[in-house]
Structure formats: C-alpha cells, structure tokens
Amino acid sequence: MKSYGYAGRILDVDLGAGKVSAEGLDLASARRYIGGRGLNVARLVREIGLDVDPLSPENVLIIGTGPLDGTLFPGAARVNFTSKSPQTGILGDSNAGGFFGPELKFAGYDQVIIRGRADRLSYLFISDDGAEVLPAVDLAGLDVWETQKALLARHGRRAQVACIGPAAERGVKFSGIFCNLVRAAARTGMGAVMASKGLKAVVVRGTRPLEVARPDEFLDFIRALDTRILSHPEYKPRVALGTTRLLSALNAAGCLATRHFQTGRFEHADEVSGETLAARLRVKGKACFSCTIPCSRFFEVKSGPYAGLKSEGPEFEGLAGFTSRVGVRDLEAGLATLDMCNRAGMDAISTAECVSFAMECFERGIISRKEADGLDLTWGNIGAVQTLVRKIASREGFGDVLADGVREAARKIGRGSEDLAMHVKGLEIFMADPRGIKGYALGNAVASRGGDHLRSEPSFEFTQDAEAAVRRFGAREAAFRLEHKGKGRVVKHFEELCALADSLDACKNTIVNMEVLPFDDAATVLRAATGFDFDGAEVQAACERIVNLERCFITALGIRRSDDTLPRRFREEPMPAGCGATSGSTVALDEMLDEYYKARGWDVRTGVPTASTLRRLGLDEWASRLAERDVPIVDQ
Amino acid sequence: MYDLRVVVDEIRGFCDLPMEVGDYFEVSGGRITIPDGKFMCLWALQSILPMLPAKQRNIVEDNDWLSNTVRVACPDPNGMVIFRIERVGQPAGEGKTEHGPRGPRPRMLVNEKLCAGCRACELICSFTHERKFSDLLSRIHVAKVDEDGIDRPLVCRQCGNARCVEACPSGALSRDPETRCVLVDQALCGGCGACVRACPFDAITLHPERGAPLICDLCGGDPECVRRCPTGAISYGLAGVSEKAPRPGAPYRASAQGTPGDQEGNI
C-alpha cells in the first residue's frame, strides 16, 4: 500500500539470531502516537518486560522517525532512540538532529527495532534493498569521528551514520548515540544500550522518494510557516548564536550554573559567552536537514594551544558545561573539553555534572586528592577537568566511580555527597539553575526521562506577558520566571508541545520556543502530509497520551510524587547574593506539583494517573497493568 | 579596444594608504594615467592588472563571468577596497556591446561560504519538479564534509561555454535562447552520461529511472531553490554585480543575514 508522510515500514533486527525482517507500519497506532518518541514508547512498552535488565539482550533499542522527517518541514530532521535506560532504570529516550532521521525515511523505514546481542562487534547497514548486519571488529575502540570517517569511506559520502564512541564500549552509562559527528542523542545512556547489543553503528543510505498526501496544500503550508518563522523576533538571534546565546542571557538573569550551582553568575561569562565565540571563532552557520534556521555554527581555533580544533557546535549545554559549571574561563579550553566528550561519545550534560560534582566534593573535603587519583580538582583547573573527562570515558581510576552517573557516584562516595548530586531520577540536570526559572524547575522534577529541560522547555516564563499568561494559563504569574503560580499548567502545555515536536521528530526551537505550530496547524500539516483527517484536538490528545503513557511506564517502575523532586540545594538553599533578582530565591516545588497533577488529571497525593484520565486517553489497559504492580490507582 | 576608468567603488574595511571612494585612474591602450596629485595602491593594482586587457577587449561570449564582472577587490582582507572597472566611450568601428543585443543575463550564483548545508534546495527542487522528496530527483545537490564544515551547493551555472552541450554525442542538449539554461531533449538523449563527466561543477546527475540528465532549468526564471535558501548561498543574478539591497520576492535571503560576512562571492 502506498504511504504518505510515513515511509510505511518497520525494520526488525535480531542481532542474536542475525535475522532482519520488515513489517508494515500500523497506521492506527501511528495515528494514536504520531511517530518518533510517541510511537517508540508505545512500541517499547509492548516489546519489553517492565523489569528487564537494560543491558541484557532482552532489552530493545528502538530508532524512530516522524511523519514529516524527510520533507520540507523546517527542522523535521530528528530521530529518536528509545529503550529502557541503564543510567536511570526508567524510560530511556533521546533524540538527535542532523541528517540521519530523514535518510532512514528515504530508505523506506519509519522505525527500527533492534533486539538481542551480536556475538561480535557489528554494524547495521540499511539501504533501499533492506538491511544487513556487518562485522565492525575493525572499528572497535574508534572514536565517533574516526568511526564515521571509516564508515563513509565504505558506504559513500551520502550515507548517514549513527554511532557510539569508545565510552559506550567501555560501559559508560551516560554514553550517547552520535549522528553527523556532534549531533548527539546523548541523554539516558542510549549509547550504552547500543554497545550492550554489540552494535557499533547504524549506517543508512536511502533513495526512495517520499510523498505527501496533498502536495499543493503541503507546499502552501510550508511557505506560510517559513514566513512565520522568518518574521519571528527570535529568528535573528537564533541564527546568529543558536542556543549559545543562553550563556550570557542566563548569566544576566543570575541563574547560569556556575561552579556546580554554587552561584548563578560567572564572573568570566563574557570570556566564554556565545557572543565571544561568534566574534572570535565562528566560521559559518550550519543547519540540520531542511531547516529554515541555520542556528548551528561551525568554529575553528586558529591559534594558541588548541589551534586546529574545529567542529560544528557547540550548543549552550556543552559550552557552559565545560566553562562556567567547572569554573573554566578559557573558551578554547572549554571547547576542547567538549570535543573530547563528543569524540568519546558521552553526554555533555551528565559528564559536566559528574566532573563539577567531583570538584565540589573536593572543595568541601568530601573526597581527597588521593581518592581523585592525585588530581587537583580546584575550580578552573582545566588540566584536571580534561584528565577526568578522559578517565571517565575509559572508566579508569576515579573516572570509573563517576562513569555510572552522578547518582551512583554519590552512592559510592557517600559522606553527604548525595545532597550534591544534581540529578532527578538519576538523570543529571542541565546548565540553568532551577532557582531562577521555576517553570523549568518543575519541568525537570516531573520529566518522564528524569532531570531534563527538553521534556517541557517552558520558555513562556521569560515573556513577562501578563495578559497572555492570564488568557492562556489563568495566572499572570505564569509569564514571570521567578513566580510559582500557573507553572503547573504552563508545564503541562509545553510538555505536550514537546511531545508534538519529538513525535514529529522536528525541532523544538520552532515548535516549542517560537510556538509557530499550534495544535490546529499541526493537524493541518499532518492532514496534508499523511492524509489522516486529524484535527487540533486529536493531535493534542495524542500528545497528552504520549506523556501519560510514559508516566504509566515509569509509575509501573516505581516512580511516585516523592520522586518528582529536585536536589536539596534548589529547594532549600537560597540563591546567593550577586545574582540579581534571582538572589534569595528557592524553588517551592510542592505548590507547583499540586497544580501540575491537577492539570494532568493525576492523583495529587501519589502522582499516579487516575483511572478516568487513562480512560479518556484510551490507555485503559494501564489501569489494570498498574494495579497488578500494586500501584495505588484512584478513579478521580 | 575600449578605454577604461577604474574607480574606487566602495570601502568595506579600512585602507590606511588611504584610497578614497571616487579615486580613479584611466587606461588607454598600454598607458595608465593617474590624475594630478592622486596615487594608486600597489597592492590593489596588482590584483586589478590581469582584468585590464580583458576589459579593454570585446568578448563575444555573453554569459561568461569575465564579461560580466566589473568589480575587483583589493587583496588586503582588512581593507576590502572594491574597485569598479568602467568602459569609457565606444570602441572605434563597433556598434554593439560585448553582451550582444540583450545584455548580460542572470544565472545561478553560488557562495559556499554562506551555505549552512540544510539541503532544503534539494528538497524544493525535487518537490516542485517531481512532486516527491528525493535527492536523486533533484537538480541541485549539496556536497558535505562534516568534519571540515564544508557545504558546497552543486548546480548548473549556465556557463558561457557549456561543456555539457559540446560533449553530448546525440545533440540532446541545447541552450534556451532566453534564460540560457541547458535544455534536455528526452527523445534524443541516450543516457550515456557524457554531460555528467564534462561538467566542471559536478552539477549534472542522471535521472534514476529515465536515465536522462537532470540539469537546472531555472524554474522558468524564478528558481525555487533560491527562494527557499535561508542564507543566500545560492542566488540568481548577474555575476560580478553587487546586490546591496535585498531583492523583493526573496524574503529568505533578505532576513537571514546572520553573519557580518562576505555576501559577495563573485567580486
């Protein structure tokens, strides 16, 4: 049957049996979960037993794309990797931009299910003609850049590579899967899952034409959307600096993660800001597949000790992670550390947290220099930072203590270090201090994959648009970052927009931050692309269903209201003086949680979705599945 | 032969000589004349010199860069002093200009330094021509090297001497008299690929099923890829002519000036 928007097929790869097969995409399921993250989690909960060991052959790794991937839709370039996470023990899900997702569509697949474990290191090559599992023993230990180079030499420059680096092969729990060298599906340890399957890379070259159901309508929609994006006030700053502009913006707001969240202003922010980077090292703009906003950049260091360093990037997280978060004021050194992290194939957020956590433990005397393999972990000591990153990647010495993530590291170290481990549900939080952004604080606390900003991105709280806040979220405070009221409803809304972006596998810059695709418009473009007669309410319901299904999954794994929390510092220690309006602020999580659970239709006492919410979203079977696991489930 | 006047047209950087906008010298035959009290920069002169004999002469080829290029930049990257070469009067005994009766024509211009590598040009090209998304059906391609940040749009530039047309053994390729784009006669094409090999810009591929070459047809004079390009890396206009104001009908290009960079790859 001819397929529109979707490629129409799912590839099933059993690495243990060495068998590859294909099945048709179930369109009813596609309509309920859209694609990408949504279809992936729907498949994951069917495929695995809840208690499966994430690193066992019984876990599956699912690669998913959305119905707009491969089309002209701006930023529909992404790909989701979903599994049970070895880092957090709950939902593992991470996505990357670049060019891999569209190429998979062109090969004719919406989704790839990878199960089992290969008996020797292998890679998967997918083309129009199907897929084959090929030996990768010669690629063992190669870094991300070397791996891509070797595979492109074999399969041609038009092929796309998603691969793991040596850190994943060594079992670093926060290792990621990397596309186009630096486009990282880095969060929740999907690289570690891939490594556990004996899979070094997935290479795709696809040339099947992709069609949409109503070409004229589709093109008209894209032209109108482009105009909306190009005339948006956010357009120019995003093109000029991408996410790196956040470093100075958050520093000005007094909530830039500085020396492991000990304060919110970095006195050397100007030396390492996105603006400085652009003025000094930027070579050109870069974009993901089909994107109207070239928000990424390519830089090159031409002189000094790091001369010759060149790469696409960085994003804000990597830039701040290896500068302000660890107290480093040398921009080029920070970029070099990020480059090491990328090549080794590790999550920059988790790595920077583990390193800065160790530095604060060192400062407070919780760990000695001897325990840290003799490293002088004083703030700003770039040599020690880089050595520690290298040790984590190879799980050597003290690096081995950190390589399972900060929650595990604190458990091993003890001595009160648990309070300094900046994670939620085992996933390290990013480079903005939650005390200065209460909506993001809540978003981090409730995110289905653990401490993460990309599940909600409630940037609305920066707008100071009180009128819109009242109209949209019933409280003028919702538009102000330091206020708590209304944030429950804000986070609910933006979680659903994020679910939309992740399920279309399109970029959150436009859909979430710039809000250029309200649900009605999403329905319009999906009608034109897929032929489904979606309306806005159905699309929003699908997004709500995705959020709830993920919640059911982690609830079944034991997550409750008490887990929807933040590290003690953000709740109890006021932001120090010198951080502008943020000084003196803490996060009052409970009132935001109450509001959020009510908005979601979840039990305010436990954080468990109510039976009526599950019925409304067509997730009835989860009421009994949760009851079987003794989850207290109420009807209202 | 024409007489020439070379004028400082624009200074984008800083010239410490200094040359000033409006300064000029004249060329007549083999002689350079500088107005009294004025001077000419040695460095700029050495980069302009090769152009002078060419601009003195009538060039029959009407769509070649050489005949259309009138601006030359000083090689000092900090200076960015740009000179304009004007012709003074008419050459004796000739009634027509080098461009022929219709003058210079617009063509596809590529500045790979501006290309962000999104490949939207490929998508819009295949979609508007074939109503499908496929790089194999596109008449433009972006060659990419991730590790070096290279993104190079490959597209027909309507060369003066179209080697593809010359190379075709079956006479299937010709030039559109109006737009100068290369036309493909499907009935005559044997799919041999001689044009693909002859193109110096790697701009031609063969249709995956029909076998005939896919060559940019300029979309009839308003190329869709140019409309969709968010950075201005591909444009449609006169080679060598600076475009200071954004063109109407080109919103993508007009609003995407992210870098204070070199907008002009054809100086």
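## A nonpolar patch on chain B

I32(B), I34(B) and L49(B) together make a nonpolar surface patch of about 220 Å². Patches are built from residues with over 30% relative accessible area and no salt bridge, with like charges joined within 9 Å and nonpolar side chains (Val, Leu, Ile, Met, Phe, Trp, Tyr) within 5 Å. The areas come from the Shrake-Rupley method with a 1.4 Å probe, and for residues only the protein chains shown count as cover. L49(B) sits in the loop between α1 (42-48) and α2 (51-56) of chain B. Helices (H or I, at least four residues) and strands (E, at least two) are DSSP runs, numbered from the N terminus. With 39% relative accessibility, L49(B) counts as partly exposed; buried means under 20% relative accessible area, exposed over 50%, and partly exposed in between (1.4 Å probe, protein chains only).

A word on what you are looking at: this is a predicted model, in which local features need pLDDT of at least 70 and side-chain atom pairs count only at pLDDT 80 or more, while totals for chains, interfaces and linings use all residues. Residues are numbered from 1 along each chain as its sequence is written, chains are lettered from A and ligands numbered from 1 in the order in which they are written, and side-chain values use heavy atoms, with hydrogens and water left out.

## A three-stranded sheet in chain A

Now to chain A, where an open sheet of three strands runs in the order β13-β14-β15 with antiparallel pairing. Its edge strands, β13 and β15 (310-312), each pair on one side only. Neighbouring strands of this sheet are turned by 15° against each other on average, direction ignored; the axes behind this angle are lines fitted to C-alpha atoms, for helices over the stretch in contact, and angles run from 0 to 180 degrees between N-to-C directions. Two strands pair if DSSP finds at least two bridges between them.

β13(A) and β14(A) (residues 296-300) are joined by four bridges, and K284(A) stands opposite F298(A) in β14(A). Strand β13 (residues 282-286) has four of its five residues buried, so it is largely enclosed by the rest of the structure.

## Aromatic pairs

Over all chains, the structure holds 17 aromatic pairs. Rings of Phe, Tyr and Trp (its six-membered ring) pair if their centres lie within 6.5 Å; planes under 30 degrees apart count as stacked, over 60 as edge-to-face and the rest as tilted. F99(A) and F289(A) have ring centres 6.0 Å apart and planes at 85°, so this pair is edge-to-face. The two residues are 190 apart in the chain: F99(A) is in the loop between β5 (91-96) and α3 (100-106), and F289(A) is in the loop between β13 and β14. Both F99(A) and F289(A) are buried.

For F430(A) and Y440(A), the ring centres are 6.2 Å apart and the planes are at 20°, so the pair is stacked. F430(A) lies in the loop between β17 (427-428) and α18 (438-446) of chain A, and Y440(A) in helix α18, 10 residues apart.

## Salt bridges

How many salt bridges does the structure hold over all chains? There are 86, where a salt bridge is a side-chain nitrogen of Lys or Arg within 4 Å of a carboxyl oxygen of Asp or Glu. In one of them, R154(A) meets D138(A) with the closest N and O atoms 2.8 Å apart. R154(A) belongs to helix α4 (residues 144-155), while D138(A) is in the loop between β8 (130-135) and α4, 16 residues apart. R154(A) is partly exposed, at a relative accessible area of 39%.

K487(A) and E461(A) also form a salt bridge, with 2.8 Å between the closest N and O atoms. K487(A) lies in helix α20 (residues 487-504) and E461(A) in the loop between α18 and α19 (466-473), so the pair ties together parts that are 26 residues apart in sequence. Both K487(A) and E461(A) are buried. Elsewhere, a network of salt bridges links E360(A), R364(A), D419(A), R568(A), R569(A), R571(A), E572(A) and E573(A).
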